[in-house]
Each structure stands twice: as structure tokens, then as C-alpha cells.
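Hi everyone, thanks for coming.

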Amino acid sequence: MIPPSFDYEAPASLEEAIAILGKNPEAKILAGGQSLIALMKLRLASPAVLVDINRIEGLGYIKEEDGWLRIGAMTRESDLDTSDLVREKYPLLADTTRVIADPLVRNLSTLGGNLAHADPANDHPATMLAYGAELVATGPKGERIIPVGDFFTGPFETSLAQDEILTEIRIPSPNGSSGGAYQKLERKVGDFATAAVAAQVKLGEKGVVEQVGIGLTNVGLTPIKATAAEESLQGKEANEAAISEAAQLASEAAEPEADPRGSVEFKRALVKTLTHRAIKTAVGRAQGGK
Amino acid sequence: MATQYIGKRLKRNEDPRLLTGQALFVDDVNLPGMLHVAFLRSPYAHARLNSVDTSKARQREGVVAVYAARDLGDYWCNGPLLVSPPPVEGTVFNERTQPILVMDTVRHLGEPIAAVVAESRYLAEDALTDILVDYEVLPAVVDLEAALEDGSPRVHEDVGSNVAAHLVQTIGDYEKAKKSAHTVIARRFVYDHGTAAALENRGVVAEWDAHSQRLTVWDTTQAPNPIRIGLASMLGLSENQLRVIAPFIGGGFGPKIMMFYPEEMLIPWVAIQLGRPVKWIEDRSENFVATTQERSQIHQAEIALTEDGKILGVHDVFLHDSGAYDPYGLTVPLNSQCTLLGPYKIPNYYSEFTAVFTNKTLVTPYRGAGRQHGVFVIERLLDLAAKELGIELPEIRRRNFIPPDEFPYDNKIIYQDFTNLVYDSGDYEPSLDRALEMIGYDEFVNQIQPQARSEGRTVGIGIVAYVEGTGIGPYEGARVQVQQSGRVSVATGIGTQGQGHFTSYAQIVAEQLQVDIDKIDLVTGDTDQFHWGTGTFASRGAVVAGNAINEAAKDVRAKVLKAASDELEVAEEDLELAEGEVRVIGAPSRSISLGELAAKANPLRGAVKPGTEPGLEATNYFGPERGATSNGVHAMIVELDPETMMVEIQKFVVVHDCGRVINPMIVDGQIHGGVAQGIGNAFYEQLIFDENGQLLNGSFMDYLLPTALDVPNVSVGHEETLSPLNPLGTKGAGEAGAIPVGPLFAQALEDALQLDGLEILEIPLSPSLLWELVQEAKGN
């Protein structure tokens, strides 16, 4: 469990980092290292160059601006976990952060890394799908904005170019009666999700669902946006029947594979249960509950 | 008044060293000029080696040597058979043991093919990629039942089938007993593989000293003395030329009593060949495939009972997964066969097993060592019978317990120590009663559970019983010496892997010599200090080595009293030991310290009486005529989320009887750790192999070990039914926590779910498996 040899670069600026990435097709970005280092030790990943972006200043922040929550890609999970802003206004994000790995991992792991690594078992991707987030990539020609729906192209694959760095995550700031929740079955702390579901809702007058986002974790080759479930809930009062129907549709949208964590049938049933719980909690929170 | 040490809840002597990082582990051994080894391991479970080309690896800078099987010359061999089959008539046993390096045929994933020796582990691992192996991949034998079908691929071509062994033992006549039965219940039970996952992996460091012509081996073994003797003979050295040190070890659990591992045979030889110290430390990826595992078995079992729930007999035919080789003989399936009998009177018993070779890592004892399976089968059969007969689950157990006046109780079958399975002593009802009381059985069943159910909660209770054969022979020994400083040194031959030996053994010596335990220095596992004995396994450390230490300390006590009697001119019976000195009873100011007596017993000038032995020292041995039988009852309350199938343990109780308790805190710790492993085995841990024998979850990313959050507080009650087989009256406690947790989960979850037709007959469980069983039951 020793990685093969590799070169190591620790640029002090984004421009420098982008230039190194451009020159080395076998380079990988080292952010928190909580997934990449493990894969290297198992020799499942063997990048020729590690580009450590931990010394680049200005990539870690959490702030609200122009109707968005802007989070620097190098923001550690533990910073999200302890942010009052996140806890008070972004319960879905707070829920998600709290169930990622364990506190030791969260001290180092980053939001950007969790997304850019694009492990279908990672938790933030489904959450960002539910939020309808935008991702900011910085490359040689400057910044470009990638809607999260276009970001995940396959297992461990994203639409980032080799010389682009994910630098910012933008979540629409909630307004009106909004709430969200993340429901994950992890068999023990630190395990990957057997399945998990992110839900974000906005309620209009008389409790009618105005906006809804539902994302599914680890039940497909990429995180899945449960579009049919969203559409079925949209415009309806969020009652038991409507939530159950959405949960059923979400489970049909899942494309799980059997693995040591469970059978296809179990995972589908689990998506239904977790979607139901996530929507119910999200609605409760939108109505002012915690 | 003598101070009592045995039975006291004392803090552990060894902990300051362990907690401050002062304790030596094998990987702490770093020697000048030391080389490092990495192994090329087979990526296939079953393959023929057409060629192994190490030439490129040899050329890499920093590589000192590369060995494949053919490079070992005359040293290449298969390891020894460690345990012979038991003397049961008609037994079939096909002995096939593991080679140092694969010569022609790979028989399990991770089997070592070549070893690279380099200036660093980094270089050694890089050089592994230079070795070219031409594999001809063969179909793998994975499934136990398919392995026995005609036309199955064979693990060992020269054995006519995949049968490793076949053995039948019987008591009475089951078929006859069945004819008078009111109820007969038959089921198929499956118990699958896990790994011990000790905190510390294995490791070997060897150093050949040309000046002294001695070889020193640091080894994570539970059995340093047998390793010394075995290695001496393999290497053609005198036993006196070998020193094996088993220092502190981060968990043994049985896989570290397996010997000889290929690495254990190879590293010392390489150190001699190269004349430089050599180190190999197993990494976790290797541990998942190269360290022995347990415990796949499939049982087809049947129980016959009277209408009032008395057992008339049990019939059990089972398959046991041996893995690719069987150097540990039949210990594991024999334990399953014997332990099934439990604390119950089973007058008629037919038990037949077939051990099966498969293309998997070797199966050897892991904490419980086959006992889990037997307990699972009998406890589940009793649960099913109780339901059918309308008897409460604790009650059917009570009705079948062996009564206290029938001990010693001879089960009349052969146990793993090749003597009859005789329970030395026991009193089972008090353990059950106390467990029922501690778990709050009546209150739970009559109030808490109905209340919870009315609130829509899914809660259940389980209660299971077991016996555990412990403390088997052959023997252990110890040397005890009072030093001039007044400190007492103790040396014993067994190794230590976290059992608290430095404290409980000190308590035994302190009791005899009346010296504080922090004045007692213990050495374990260093063959230069004590070179007789077999090792730490089978819950025998406290029983066998503990009693050897007690005997040696008694001898020293006799010498002390005699010396003091001469010195003080007082009869021995008028003397007492207290606070590190010998005093005249009734006149405590007339005294002499043990240190002074030790000095006088080793005069530097003058003359001694002919026949005088120097010092206050004694060596003695203890070998029990047979093992001592511990017993216990586990009880648990769980709450289940019926949609996600996640289980929360709300209360866990163990009542345990291991005879005389030397240190209750240490026994509590043994139970807690065992329960944690039992919970892992029951609900989290399962090695999953595909049809090619590939391990699908060979890392802690995917193999789930329970953590502190998943293991509840465990309340322990100690009963003390002394063993008549040893002077201390002790029985073993090392495996008790782990043994019955599987059936406990099954019973408690069935109780929680209250679903007609739901039967949990398989371990390990998982949320997914539970969900499927529930769907199946609902569908019926």
C-alpha cells in the first residue's frame, strides 16, 4: 500500500496551477486528498504529477452574494459543518456535510474535491443537483460557469477540462418558505452511502410546492436528478399521497447495481423510503420546522 | 493478614508503556543495514504458472535479491502439518499444506509467488511491477456445495475430489430417538466468512549475527516457542542458535497462531542468505488475502424433541470451508461439532462433516474457532422448537440445561484436545436467571415491548446460551525469581497480544509472595527467557500459563519460608509473608525482606551446604488433564428501522462464568472486545467472493468493521463456578464475547419483526439480506 513514484508541485497561484495542468496530461489536482491518496496507495490511481492547490490563497470561503451562496472550492467540510450561515439557511447542505465520512476526514476534505472527484458514492453531487447549483471552473481563458446538471459525465468523470480547476460552487439562496434535507443510509459512520437522497423544496401559498429538486446518491453511474419525481410534486400540495408518488417515481429513476452493500431491489426500496423521508423533512423545514 | 490480589479490579501494569508508545512492536524493530521485502501475490484464485521471470526486477537499482520458488533450492517446501486429525475411527484427512512460494499452481488469491528484497519497501514494491508472470487462469472452486459435485474443478489435482476431510461422531442413536419424538424440526443454516482484522497486521524481522552464529527473529506470532523449534529444524540450526521474540502484538485472535506462514519460513532464510537484517511488514491489502480467515459452513440440521421441549437428539450434517490448504487440521469443524452440544443434555447426537478445499485463503481458528457455527445451529433450532411447541425461549433452554449435580459431564465425543469432551463443572441456571434480570426480561416482554409496538416501533429481545471449551493442554511453564532489589521477575513462554498478562499474572504471583503488583516484572514471548511452551490460543493463557506461574510462585514461596525460617530461627508455620517481607506471626517487628533473603541465597564468598540451589527461584509447569468449560448467556434488546433495516442495539448483557476471575476488569475487557467482534460478525463483516474467487471487498472502504458507535455499552455479570482441573480454579474467557452473537441477532430481530414465516438462518446479516428475508416472508 505504497503509491508508485510521482512528481509533486505546489503552485502559489491559480494561473501557475492551470499552466502545470496544461503541460501534464497525467497530472491530478490534490485538494483534501481524502479520496485520491487512498486510491494512490491502492495503486488504483497513479498520476505522474500531483498539483497541490492547498497553498493557493483565496479558495476557501462561504458567503452570500447576489442571491447565491458562494463557496470556495477548497472550503473544508468541517468549515461547512460549523458555519452558522449554512446551518441556518441551507439545511440540505448542512445535513449532507454531517454524514460525509467522519470528523477526521472532514477536517481535510473539500467541497470542490467531493464534486470534482465525481465518485457516484459521494454525497455533495446529489445535493447540488437538488439545489440546482452552478459550478465555476477556472482555466487558461478565465472562468466559465457549468450548471451542475452538465457537470457529471460518468463515474469519476466530469466536464472539467484537464487544465481547468473547479474554483467556486454557487447555490441559489433560498427565499420564501424553503427547506431541504439529506437522507442517507450508511451502514456505519465512514461508509459510503448504500443509497442517499437529497431534496430541496420551496412552498408557495397554501403549501403548494413551487420548486423542488431531488438528487440521488450511489444508485447509478452518476448522481441522478429524479426529474419525474420532481415534476409530479411540482404544483401540488405536499401531502402524504403526493410525497409517496414522488418517492415511487424517484425509486424508478434509480439505476442501482447489486454490490456488497445491497441488492438492486433493496436499493430501489431504499430510495423510495429515503425520498419520502427527505421530502417530508424538507417540507417540514420549509414550513418553519427544524 | 495476607493481602488479596486475585479477584481485584486492578489497572493494567502494561498500559503506561502501551499508551505512551514505549512498547515494542515488530515494526518498531529497525536495524542497521536492514533490507525490506515485498511479495508478488497472485491476482487470481486459481492459476497455473507457466513462467515467472524476475530478471528485470533484479536489475532495478536498490534491489538486492529476488526469489521465486525455484530460487529457493532445497529450502523450498510446504509448511508442516500443525494439528493432526483426531483419533476418530473412519476419519478421512487429506493433508495439503501451503508452500513457501508457489511453484506451479496458485490456489488462492494473494498466494505469494515471488519476494523482492530491496533497500526500502518503496523500491521493493516498485520492483514487483518488473516481475513478469505468465498465468494460465483456471476455473476457481468457490462455492462449497458446487465444489463437491462431479466435474468440479479440483483445488488439488492429486486429491481425487475437493474433500479435505470427512469425520463422523455420534452419541447414542439419533434415528431411534427420533421415532419417539413429538416434534422434529429440520433446517439449513449458513454461516459465512469474515476476517479477524487485527489492528496490527503480521510482520517478521530476522537478523543473522555471524559473530555469535545466532539468528534472532521478531515475529507477530502467538506461539514463539514452536516457531523457534520449527525454524531451527527447517534451517538446520541448533535450537540454541535461535531466539524468537514475540513482542507486543496488536491483536492475535487466532490467525497469528497459524504456522508456518510462508513469510515466516522465508524471511529468516533470506536474512541468513544475505547476511543482512530483513524486514517484512504485511500491509492491510495483503492481510485481506494472506492472513488466515474463518468461517464458512453450511449445516443441514435437525432436532427431535418431546412435547414439553426436552431434546431427544440432534442430527447435523455440515460442510466446512477449509480454504486452499489445511495445515491446522480439523480444529475448526471439530469445535463446531462439539460446541453445538452447548449447555444442554443431548442424549442422542449424529454429527457428520465434510471439510472442503476451495480456492480461498486458508481457514484456521479465529476467535471462537468454529464454536460460533455450532452455537448458531443449536440456538436457532431451540428457538424454532420453542415457537412450535409454545414454550418461551428462555424456558426451553432452562428445561434442557445439564443440572449442576451431573458434573463432570461426559459428552462422550472427542474434542480438539483429543480427549473426551467432558464439562468439568458448571451451573447454568444462575447465569440465565441473572441475564434475564439484568436485561429486564419480564418488564420488556410485558410492558416495554407492547407499549413500543403500540407506538409503531419495532423492538425485540434475544437471549442465548453457550458453553466454551477453554484452557486446553498440553502445558505451559514459568520461572519466578525474587531479586536482591525485592522485585520479582517472571518469565513464561506464551506470547501476549493485549490480554493483560502483565497484570493478571502479576496478581497470581503477588497472591503467593505478597509483593505489590508494580514490583513484578513479566517477560512473555522471548525464547531466550523461557523456551518451553506452546502459545496463546484457545482461551488458555490464564488457565494453563496462569497455573504454571502459580505453581512456580508456590515453589518460590516455599523457598522463601525455608530461608526465612533458617535466618530468623523460627519455625516456618510461625511465619507469614506480607508487604514484601517475611514476618513472625504475632511479632511483626521480627522480619526480613524478600530482597535480603534473595541476597543471602546467593552468597558471593564462603561456602554453602552441599546440594544448595542458588537464589530464590523456581521453574514449574502446568498441564491440565483436559480443557475447562466456561459458559455464559448473552441478552440483547434491539430496535429496528423496518424500512432501512438498520439495527440499533439498546441494551446488551453478558453473564459469564469463567471460574475464578483473576481480574474482573480484564475479563470485562475481553468480553467487550469479543462482543464487538461478534457484532461485526453478525451484522457488518463478510468477505464476499465472486465466482472467480476474487474478493469484492478487500479493503476497509468496503469491508465494514463496527466502530465505537456501533458497539453498545455491554454490562457484564460474573458467575464463578470453579474448575476442579487446576489449582486456581480458572477457566478461559478469551472467546466468550464473540461466540453467540449471531444467533442473538437472529432471535432478537425475529422477535422485533414478528412476521409469520420469517426465519433468520444465515449469518452475517445485513440490511439488504434482512429486507429480502422480510419480503420473502411477506410474499408467503
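This is a predicted model: local features need pLDDT of at least 70, side-chain atom pairs count only at pLDDT 80 or more; totals for chains, interfaces and linings use all residues.

The predictor gives the complex an ipTM of 0.95 and a pTM of 0.96. Chain B averages a pLDDT of 96, and 100% of its residues score at least 70.

Okay, back to Glu579(B). Its phi is near 50°, which is a positive value in a residue other than glycine. In general, most residues other than glycine have a negative phi, and most peptide bonds are trans. Glu579(B) has a relative accessible area of 65%, so we call Glu579(B) exposed.

There's another positive phi to look at. Gln754(B) has a phi near 45°, and again this is a residue other than glycine. You'll find Gln754(B) in the loop between H18 and strand S30 (762–763) of chain B. Is Gln754(B) buried or partly exposed? With 48% relative accessibility, Gln754(B) counts as partly exposed.

Now, peptide bonds. Which bond is cis with omega near 0°? That's the one from Met259(B) to Phe260(B). Phe260(B) sits in the loop between strand S12 (242–245) and helix H7 (262–274) of chain B. The bond from Phe407(B) to Pro408(B) is cis too, and there omega is near -5°. Pro408(B) is in a loop as well, between helix H11 (393–400) and strand S17 (409–414) of chain B.

Next up, salt bridges. How many does the structure hold over all chains? The count is 70. Let me show you a few of them.

Take Glu136(B) and Arg48(B): they form a salt bridge, and their closest N and O atoms are 3.6 Å apart. Glu136(B) is in strand S7 (residues 132–137) of chain B and Arg48(B) is in strand S2 (residues 47–53) of chain B, so this pair ties together parts that are 88 residues apart in sequence. Glu136(B) is partly exposed at 34% relative accessibility, and Arg48(B) is partly exposed at 33%.

Then there's Asp71(B) with Arg58(B), another salt bridge, where the closest N and O atoms are 3.2 Å apart. Asp71(B) lies in the loop between strand S3 (63–68) and strand S4 (92–93) of chain B, while Arg58(B) lies in helix H2 (residues 55–59) of chain B, so the two tie together parts 13 residues apart in sequence. Asp71(B) is partly exposed at 35% relative accessibility, and Arg58(B) is partly exposed at 39%.

The next pair is Glu750(B) and Arg380(B), a salt bridge with the closest N and O atoms 2.5 Å apart. This one links distant parts of the chain: Glu750(B) is in helix H18 (residues 741–753) of chain B, Arg380(B) is in helix H10 (residues 371–389) of chain B, and they are 370 residues apart. Glu750(B) and Arg380(B) are both buried. Salt bridges can also share partners, and here they join residues including Arg41(B), Arg121(B), Glu125(B) and Arg202(B) into one network.

Staying with buried things, why can we say that helix H9 (residues 331–339) of chain B is largely enclosed by the rest of the structure? Because nine of its nine residues are buried. Among them are Thr331(B), Pro333(B), Asn335(B) and Cys338(B).

Ala545(B), in helix H15 (residues 541–568) of chain B, is buried as well, because its relative accessibility is 0% and buried means under 20%. Ala545(B) and Asn620(B) are 75 residues apart in sequence, and their C-alpha atoms are 10 Å apart in space.

Last stop: chain A. Which residues gather in a patch of negative charge on the surface? They are Asp7(A), Glu9(A), Glu15(A) and Glu16(A). Strand S1 (7–9) and helix H1 (14–23) of chain A are the elements that give two or more residues to that negative patch. Glu16(A) lies in helix H1 of chain A, and with a relative accessible area of 39% Glu16(A) is partly exposed.

Terms used:
Residues are numbered from 1 along each chain as its sequence is written. Chains are lettered from A and ligands numbered from 1 in the order in which they are written. Side-chain values use heavy atoms; hydrogens and water are left out. Patches are made of residues with over 30% relative accessible area and no salt bridge: like charges are joined within 9 Å, nonpolar side chains (Val, Leu, Ile, Met, Phe, Trp, Tyr) within 5 Å. Accessible areas come from the Shrake-Rupley method with a 1.4 Å probe; for residues, only the protein chains shown count as cover. A salt bridge is a side-chain nitrogen of Lys or Arg within 4 Å of a carboxyl oxygen of Asp or Glu. Lys and Arg count as positive and Asp and Glu as negative; His and the chain ends are not counted. The place of a charge is taken as NZ of Lys, CZ of Arg, CG of Asp or CD of Glu. Helices (H or I, at least four residues) and strands (E, at least two) are DSSP runs, numbered from the N terminus. Buried means under 20% relative accessible area, exposed over 50%, partly exposed in between (1.4 Å probe, protein chains only). pLDDT is the predictor's confidence in each residue, from 0 to 100.
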